[in-house]
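User: Please take a close look at one part of this model for me, with pockets in mind. I'd like one connected walk-through, with the cut-offs spelled out as you go.

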Amino acid sequence: MPKDQSKIREMLITEKIELIQWLALFPAITVMVFIRRKIGFRMLKPGSLFIMAIILLVFSYLFGGGFLFGGLLFGASLGPMPGMIKLYALAMLGMGFYQRFLRWRELCNGVRWHTYCPGISILEVLSIPAFLQANRRIYRFLDPLLCWLVAQFIVARFSTGLAAWLAFASFALYMYENALFEKMLEQDLDTLDGLIASEVQMETVKHFEGPQPEEKQRKLQDTGGIPTGAAPDIHRQIELRKIKMAKAPDNLAKET
């Protein structure tokens, strides 16, 4: 395969991965509104919330209609409360718009908060080891794991359909958080590389800002015996005298 075609193929694969990671945000937001606080204003766009609510309702219809998708994932039974997905969709809409309202009120009151903030995990209030707090491990691993465990061992007893959705949303949250972490890491590394490059450039400037070899005072043998240039101290006196002579006409004009 030609080199140019391989590069184009790699770019297409990268773009597809980025698209999948971006799409993962939408199912992830259906659980983020419950396990995160202070989600950014622009993260909770009304269109996205309504679309996900509609998808949840369609999901509820599929499970309510006796489809075996949930049974294949969690057993043959759909659970005693298959309509829980509808209630969850309404609750998700309510929590999403409530957090969006809070962020808008804070913005109007001058509170500075990033409008694309993915929120603060409810697990932050716990005494979690420093190792898990570093590098967003709470958000990348513990939050998705919490959603999956709740889906498997609690929600699945009442609604297999909702449990299936929460399991899918927890995986989407995992994908989104890891993609966000990689993006933040790339930005930090770019900043670090920029600092290193600027330091090297400053050293280069310092190296060349001094007098160049050809600017040094030439000897008589280099000028055919014609004396040129002056010693640094004499040169300084000449420059001061030139400044005084330049100011002299102005002083005379003032006196007259």
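Analyst: **The largest pocket**

The largest pocket has 22 lining residues, with Trp22, Leu25, Tyr176, Leu180 and Lys183 lying nearest its centre. A pocket here is an open set of points on a 1 Å grid over the protein atoms alone, with protein on both sides within 12 Å along at least five of seven lines, and a lining residue has an atom within 4 Å of a point. Keep in mind that this is a predicted model, where local features need pLDDT of at least 70 and side-chain atom pairs count only at pLDDT 80 or more, while totals for chains, interfaces and linings use all residues. Numbering starts from 1 along each chain as its sequence is written, and side-chain values use heavy atoms, leaving out hydrogens and water.

The volume comes to about 790 Å³, taken as the space filled by probe spheres set on grid points joined across faces, edges and corners. Helix H1 (3–23), helix H2 (25–35) and helix H8 (160–208) are the elements that give two or more residues to the lining; helices are DSSP runs of H or I with at least four residues, strands are E runs of at least two, and numbering goes from the N terminus. H8 supplies the largest share, 7 residues.

Across the protein's 256 residues, 30% count as buried.

For context, there are 9 helices and 2 strands overall. A search of the whole structure also finds 1 cavity of 30 Å³ or more, a cavity being a set of points where a 1.4 Å probe fits but cannot get out.

How confident is the predictor? The mean pLDDT, its per-residue confidence from 0 to 100, is 79, and 68% of residues reach 70 or more. Residues 65–77 fall below 50, and this stretch has 17 contacts in the model beyond near neighbours in sequence, a contact being heavy atoms within 4.5 Å.

Methods: pLDDT = per-residue confidence, 0-100. Buried < 20%, exposed > 50% of the residue type's maximum accessible area, 1.4 Å probe, protein only.
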